[in-house]
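Keep the sequence and the coordinates at hand while reading.

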Amino acid sequence: MGIDINHKHDRKVHRTEPVSQNVYIRLLVKLYRFLARRTNGKFNQVILKRLFMSRQNRPAVSLARVARQMKAKSREGKTVVIVGTVTDDKRIFEVPKLKVCALRFTEGARTRIMKAGGSCITFEQLAVE
């Protein structure tokens, strides 16, 4: 005979706000919470969910990975959106022209993207576009 499991205390655990007290992230959460509520697209909801994540779940992305993902013809001319840090990668010699939106850029990554004729934008600038 089995036992009767009491499901009274079962709950789904998901974040509704970031644990971080970073003022910039908190401001972005306010902005994207508004956009997620007022627009029909799923994009702003995904960005909001990712802003809630811990730093361990927002890993840095190398410039080589970004360039490799953007090689496809269907992705040409699109904006790369990364909720995390974009880092430089010395293993890649030529950086293609990219438009990248991220929380942070390392100094090397920013200069290499700009030198290739691309642009580095913030999430506020992305929201305005």
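**Salt bridges in the model**

Glu129 is exposed at a relative accessible area of 57%, where exposed means over 50%, buried under 20% and partly exposed in between (1.4 Å probe, protein chains only). The model is predicted: local features need pLDDT of at least 70, side-chain atom pairs count only at pLDDT 80 or more, and totals for chains, interfaces and linings use all residues. Residues are numbered from 1 along each chain as its sequence is written, and side-chain values use heavy atoms, leaving out hydrogens and water.

Side chains of opposite charge can pair when their charged atoms come close. A salt bridge here is a side-chain nitrogen of Lys or Arg within 4 Å of a carboxyl oxygen of Asp or Glu. Five salt bridges are counted by this rule.

Glu129 pairs with Lys99, with the closest N and O atoms 3.0 Å apart. Because Lys99 lies in strand S3 and Glu129 in the segment after helix H5 (123-128), this bridge ties together parts 30 residues apart in sequence. Helices (H or I, at least four residues) and strands (E, at least two) are DSSP runs numbered from the N terminus. Lys99 is partly exposed, at 29% relative accessibility.

Arg112 forms a salt bridge with Asp88, again defined by its closest N and O atoms, 3.0 Å apart. Arg112 sits in helix H4 (residues 107-115), and Asp88 in the loop between strand S2 (79-87) and strand S3 (99-105), 24 residues away. Arg112 is buried at 18%, whereas Asp88 is partly exposed at 22%.

A further bridge joins Asp89 and Arg91 at 2.8 Å, N to O. Asp89 is buried at 5%, while Arg91 is exposed at 67%.
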